[in-house]
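Please keep the sequence and the model at hand while reading.

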Amino acid sequence: MWFSKSKEAVLKELAVDPAQGLTEQEVKVRLEKYGPNKLTAKKKKSILQLFLAQLQDWLIYVLFAAVVITLFMGEYIDAIIILAVIILNAVLGVVQEVKAGNAIEALQKIASPKALVRREGVVTEVDSDTVVPGDVLILDAGRYIAADLRLLESANLQIEESALTGESVPSPKDATVTLKAPNTPLGDRDNAAFMSTLVTAGRGVGVVVGTGMQTEVGKIATIIDTEEDIKTPLEVRLNKLGKSLGKFAIGICVLIFVVALLQGRDLAEMFLISVSLAVASIPEGLAAIVAIVLSIGVTSMSKRNAIIRRLPAVETLGSVNIICSDKTGTLTQNKMTVLRYFNSEGEVTVEREKENSPTEDAALLAKAMVLCSDATYENGEGTGDPTEIALLILGDDLGIDRQALDRQSKRIDEFSFDSDRKLMSTLNEENGRYTVYTKGAIDNLLQLTTRVQEKGQVLPLSEKHKQQVEEATARMSEQALRTLGVAYKPVDTVIGADEMEQDLILLGLVGMMDPPRTEVKDSVRKAKEAGIKTVMITGDHKITAFAIAHELGIADNLEQAITGQEIERLSEHEFSEKVNGYRIFARVSPEHKVKIVRALKVQGNVVSMTGDGVNDAPSLNAADIGVAMGITGTDVAKNASDMILTDDNFATIVSAIEQGRNIYNNIRKAVLFLLSCNLGEVVAMFITLMIGWEAPLIATQLLWINLLTDSMPAVALGMDPGDPDVMQEKPRNPNESFFTGIAGWRVLGGGILIGTLTIFSFWFGYYEHGYTPFDDAVPVATLENARTLAFMTLVACQLFYALAMRHHTKSIFQLGVFSNRYLIGAIVLGLALQLVVIAVPFMRKAFNLTMLDTPGWLMVLTLGLVPLLVNELGKIYLRARREKSTAL
């Protein structure tokens, strides 16, 4: 590890003289050896490859089989319709896939386009992709770093590394230190600088130790690139369902084929019957309906600040039981803020958005902080060090008119900050008088102060004063606040830097931190009530992380926190066994984040990971649901995620989970409804054929029902308003099937009931004309009447049954009969289409139907309402049983 070696050892190993740098010839040799300083990615799939990948699904295979069968039967329109369903489903998938997989490209974009490099003794600016190991880079404020460096020189050097480490403030660098621990976290490598980070202050010189994929950013790119795409629970479930339906269809065909042979039926008729049953058992519109319902859900979520990048990921949200959240910018405001200040009058909490009347001493403390600063802050936008910006905001909070102060005060000289003194001083002229203002580490400041400001008076600094300051510092540090002291002294004339920091008058100190977002605490509590655990994963220090986590209700004690170094001391098995006990993972690297997510998943958790930095991208990719911040998030994080929050609000995650649960419930309703309907068709066909009757429905009629009449209510069920009680339930087990609980019985019971009613109406069609289905010589008109009754009854049963499928225990009156206008519209349209089919002569002839008489219409209407009424009666029983068990 380069950071654990001395500067001399690194230079010797890289064979470079820092005063001269590499020769152009050596640069060419090394460029050939190490390759360009660029991030590489594996070859992207073409649109055709993505399209073909969408077709690799069992449900799609079954639909292809249906296409072949219908073509063989000469039903070309039906084949075209099924093929259109397949293509629609694939196109929707490709559109989502094209938006994904751009994480490496985003990483390439943030790599620095230019670098200052010393070669052959001359400093020149070159393209960053030509930088090689051994190059000597010059660092100055405002420049992005082109490669990973071991620092050789540093002067007040500070580098913004939040995208890599998660820390909200720039990291001070010191080229003189040598770190011995090989597992030192990124954020603690004070003698190193990393590709794509930004120099915010000072200057430095470093030798390149890693380029391209060998950099820390390159390691992240490698993790993103090698992370395997994992199917969501919905994709897995639909695939299993497709296999089951395919096997069921084949089994039905074989069984009917054997039965028909035994019954001595004609071979052509036997084949048509088998095909009809296969068609009846496959819900042709299921794939398209699921895609449409997901798309509708995604559109709804985008209006609530959550953009979904992969359709099936919506369903996974409903199973999430752990939210792993980055701290900086996600749980916190990513803005250093002074929360408290201390002076001789005691410790005071800063109250914002209120009229403050500070004492003379407090006003002087704020004034000193403002004048001893190089930052700017206007109209909510700041430039410079985040700590100094926080001090300017403190001045505003305490009523300081900074513009008037700037007009009245002129900076004459300054003694710049450096990492040895940890102090900064300025000499200001105010109305002909000179004043020195000094801010910095309170321990260093106390050594230079001899007096203290107390209630407008300057008094000698006593041991009691020192003790009070030390106690206040300790209190603030225990609460993870960063402390900063300030002092001043009036002088008669302009003095030099060497005299500024002597005989100072102490004003006090401030405590600051990156505070939590105000809305997060309620969201964490709401998630907890819904059985969802919130976990903090951050590159920040353990104590700081715990302070935030404790305030938000994420963690109760420090034992629930673990650092990256502690993780490394555990074996993979040990860590996996203990991972559920932790709520805070501090001082972690990108590799640690991925390890944490994987360990949580091994324990059976469904994990959502939130973040905004480059360092979050691998774990966003590894999580079941990766959630990126839309405002502060890097392109890398966004492209590695499944969901983007357009308002960067943690509360939106909980809202998205609630919507995800409702969307899954709606998909489940649609699936169960379709399967109930198809089972009804299979029951009607199977039983009648087994007992030697004619088929009650022909293949064309079955396809009409499956592709049109069933599909509209199924889509409408997918648009059902959300259940307000959904967050009172625990997260759904991702391995749970569609048929868990009473769902399977509802499908079975509903299918058998619909099938039985269809068979009865088929029998009634014969009975009306004085025949029975067992008779041999039956007129064609009688068979058409029976089939028309069966066809109309089946459709009526299915359409009205859709109302019962809206909730498994709540009645349609509790939900509101018209609360889902789409469903009412689908039922009305379905009935209207049936009337068109039977009333228009051309359509009636195409479907082999006949016009019904009055008893026939009454039979259709009466039998059609039976499944709905039976279901509503069943719900009354279920509610009564639940109330009884609750009372006990």
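## Burial and the overall chain

A residue is called buried when its relative accessible area is under 20%, exposed when that value is over 50%, and partly exposed in between. By this cut-off C372 is buried, because its relative accessible area is 0%.

The model is a predicted one, and of the 888 residues in its protein chain, 55% count as buried. The chain contains 35 helices and 26 strands, and its C-alpha atoms fill a box of roughly 125 × 70 × 50 Å when the axes are taken as the principal ones.

## Cysteines

How many disulfides does the structure hold? The number is zero, and C797 accordingly takes part in none, with the nearest cysteine sulfur, which belongs to C677, lying 9.4 Å away. A disulfide would require a pair of cysteine sulfur atoms within 2.5 Å. C797 is also classed as buried, because its relative accessible area is 0%.

## A negative surface patch

Which residues form the negative surface patch? The patch is made up of D443, E463, E470 and E471, and helix α18, which covers residues 463-478, gives the most to it, with three residues.

E463 is one of the patch residues and has its place in helix α18. Is E463 buried or exposed? With a relative accessibility of 60%, E463 counts as exposed, since the cut-off for that class is over 50%.

How values were computed. Residues numbered from 1 in each chain as written. Predicted model: local features only at pLDDT ≥ 70, side-chain atom pairs only at ≥ 80, totals over all residues. Heavy atoms only, no water. Patch = residues over 30% accessible without salt bridge, like charges linked within 9 Å, V, L, I, M, F, W, Y side chains within 5 Å. Areas by Shrake-Rupley, 256 points an atom, 1.4 Å probe, with all protein chains shown as cover. Salt bridge = Lys/Arg side-chain N within 4 Å of Asp/Glu carboxyl O. Lys, Arg positive; Asp, Glu negative; His and termini not counted. Charge placed at Lys NZ, Arg CZ, Asp CG, Glu CD. Helix = DSSP H or I, 4+ residues; strand = E, 2+ residues; numbered from the N terminus. Buried < 20%, exposed > 50% of the residue type's maximum accessible area, 1.4 Å probe, protein only.
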